[in-house]
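User: I am new to reading protein models. Can you walk me through some features, one at a time?

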Amino acid sequence: MSYNYVQGQHSMALDLRRNEAYANALAQVITPESVVLDVGAGLGIHGLLAAKLGAKHVYLVEPEDIIAVAKEIAAGNGLADRVTCIKGKIQDVELPEKVDAITSVFTGNFLLEEDLLPSLFYARDRYLKPGGVLLPQAGIMEAVPVCAPEVYAEDIEVWSQTHLGIDHSVARSYVSQSVMYYRKTLDKAKYLADPIELFSLDFHQATDTNCQVSVEYTITESGLCHGWAGWFKMQLGDNWLSTAPHEPPLHWGSAFLPLDPPLPVKAGDQVTFTLQRPPYADWSWTVETAGAKQSHSTFFSMPITLESIKKTSLGYQPLNNPKGEAALYVLSHSDGTTSVETLSNTLHSKYPQLFPNQQKAISFVQNLIGSFF
């Protein structure tokens, strides 16, 4: 569900465990002189908590139209005079001043999913005063091999079962390359070793999110390893908030990185786990024991043709087509003097095969405008 839907904000804006942790951390640092930035604010819960704690001024920055609802909430709580709502990405807006504290929820599932942290680093470098506070200020990824038969049966093995007489088993090879996220299901998984820290980021110092790590586990419980459970914990003031399966649920989910087939392990076995996740790229994980090795990557979780791969290479030489020409026409004439109606009329006339009716042309123009302006 899009973040622009208010219902899509439910699990975040009303996540009591998470929001209480943020509130407690904010209470440690907010003073009557504090200027605060809530970046990627959504409905603005953390920035509004800062204002309620007495901050001098709070800036809520959010790229979606839902910022209008945050503004109404601020007014409804008597905070409008100290809360400024700004629509746009943090890289595209201009704040009138530096801030004493930045709060954000740019930690995605398993810390790096969604690639939001670079926006936090930008906000930090552009707007945080020297000695200013970040909440959260650090994040750590952890993982552990697990025996999770219920999850495995429901999401992996099920693809090998005939459904209404149709065999879908070829799809299993794609599914087993996926990272899956669960809010509750993994709490039944049995840990086969002690969790190990994989990757950590000090948000005050970090400049990139490139994760490449290899760690060795000593198996403590014999069993069938169905994959790895992964999670992150964030530092909020003096406390840490964890998304681990054994912790109370949050709106973030624990990650499951499957093995297919499952790997039998015995207590005392040494298992090497390698995880790679470059910025804006795919997750890859390799598991190696004395007698077996498996490698998985989300790159293979979707079918992709050779033609599609060629289009992503730096040597590919794109050739324009009628759809590209239509897009170029719209963008080149978006100069503040031509209406959507006029642009769509022209497209309907020039490219009748692409836009057989006026509504298709209007939708095309509106989508382009929404993407670029």
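User: Which residues line the second largest pocket?

Analyst: First, the general idea. Rolling a probe the size of a water molecule over the atoms shows where empty space is left. Keep in mind that this is a predicted model. Here, the second largest pocket is lined by Ala-13, Leu-14, Leu-43, Gly-44, Ile-45, Leu-48, Leu-49, Lys-52, Ile-73, Asn-77 and Leu-79. Its volume is about 190 Å³.

User: Which element gives the largest share of the lining of the second largest pocket, and how does that lining split by class?

Analyst: Helix H3 does, with four residues. By class, the lining has eight nonpolar, two polar and one charged residues.

User: What is the volume of the largest pocket, and which residues are the closest to its centre?

Analyst: The volume of the largest pocket is about 750 Å³. The lining counts 34 residues, and the closest to the centre are Tyr-3, Gly-40, Phe-106, Glu-114 and Leu-116.

User: Which element gives the most to the lining of the largest pocket? And how many nonpolar, polar and charged residues are there?

Analyst: H1 gives the most, with three residues. The classes come to 14 nonpolar, 14 polar and six charged residues.

User: Now try Leu-128. Is Leu-128 buried or exposed?

Analyst: Apply the cut-off again. Leu-128 has 12% relative accessibility, so it counts as buried. Leu-128 has its place in strand E5 (residues 128–135). Look at Val-36 too: it is 92 residues from Leu-128 along the chain, yet their C-alpha atoms are separated by 9.2 Å.

User: How many salt bridges does a search of the whole structure find?

Analyst: The search finds nine. To spot one, look for a side-chain nitrogen of Lys or Arg within 4 Å of a carboxyl oxygen of Asp or Glu. Start with Arg-126 and Glu-94, where the closest N and O atoms are 2.4 Å apart. Arg-126 is in helix H5 (residues 117–127), while Glu-94 is in the loop between strand E3 (83–87) and strand E4 (99–104). The two are 32 residues apart, and the pair links distant parts of the chain.

User: What are the relative accessible areas of Arg-126 and Glu-94?

Analyst: Arg-126 has 29%, so it is partly exposed. Glu-94 has 56%, so it counts as exposed.

User: Which side chain meets Asp-125 in a salt bridge?

Analyst: That of Arg-124, at 2.8 Å from N to O. Asp-125 is exposed, at 56%. Arg-124 counts as buried, at 8%.

User: One more pair, please. Why does the salt bridge between Arg-172 and Asp-260 tie together parts that are apart in sequence?

Analyst: Locate both ends. Arg-172 lies in helix H7 (residues 172–175) and Asp-260 in strand E13 (residues 254–265), so the pair ties together parts 88 residues apart in sequence. The closest N and O atoms are 2.8 Å apart. Arg-172 is buried, and so is Asp-260.

Conventions:
Residues numbered from 1 in each chain as written. Predicted model: local features only at pLDDT ≥ 70, side-chain atom pairs only at ≥ 80, totals over all residues. Heavy atoms only, no water. 1 Å grid on protein atoms, 1.4 Å probe; cavity = no way out; pocket = protein on both sides within 12 Å on 5 of 7 lines; lining within 4 Å. Points joined across faces, edges and corners; volume = space filled by probe spheres on them. Nonpolar A, V, L, I, M, F, W, Y, C, P; charged D, E, K, R; others polar. Buried < 20%, exposed > 50% of the residue type's maximum accessible area, 1.4 Å probe, protein only.
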